Amino acid sequence: MENSQDLAPITKVFSIIDSCINSDQLKICKKLADAYTKLAREKGVVNFNAVKQVLEIRIKEREEELKYIETFA
C-alpha cells in the first residue's frame with residue numbers, strides 16, 4: 001500500500017471543477033474525478049468511495065450552475 005500523502009489535495013480538484021465554464025470542460029473534469037478516485041484507491045485511501053461521491057456532487061452542482069448561467073445569460 002502506497003502513502004496517501006502523495007495524493008494531491010482534493011481542494012485542487014474542486015478548484016478545477018469550479019473553473020469549468022462549459023459542458024465540454026465539465027466532461028474533462030468528470031474524467032479527472034474518475035482518475036483521482038482511482039488513484040485514491042491505489043494510494044490506500046480508506047474511504048475512496050466517499051471521495052468519489054463528493055466529487056460527483058461537486059460536478060453535479062457545477063453542472064446546475066452552468067445551466068442557470070446559460071438560461072439567464
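Reply: Lys and Arg count as positive and Asp and Glu as negative, while His and the chain ends are not counted. The place of a charge is NZ of Lys, CZ of Arg, CG of Asp or CD of Glu. This is a predicted model, in which local features need pLDDT of at least 70, side-chain atom pairs count only at pLDDT 80 or more, and totals for chains, interfaces and linings use all residues. Residues are numbered from 1 along each chain as its sequence is written, and side-chain values use heavy atoms, without hydrogens and water.

Me: How far apart do the centres of the positive and negative side chains lie?

Reply: The protein has 12 positive and 12 negative side chains. The centres of the two sets are separated by 3 Å.

Me: Which pattern does the protein follow along the sequence?

Reply: Helices (H or I, at least four residues) and strands (E, at least two) are DSSP runs, numbered from the N terminus. The protein has three helices and zero strands. Read along the sequence, the pattern is α-α-α.

Me: Are the rings of Y68 and F72 stacked or edge-to-face?

Reply: Rings of Phe, Tyr and Trp (its six-membered ring) pair if their centres lie within 6.5 Å; planes under 30 degrees apart count as stacked, over 60 as edge-to-face and the rest as tilted. The structure holds one aromatic pair. The centres of Y68 and F72 are 6.4 Å apart and their planes are at 20 degrees, so the pair is stacked.
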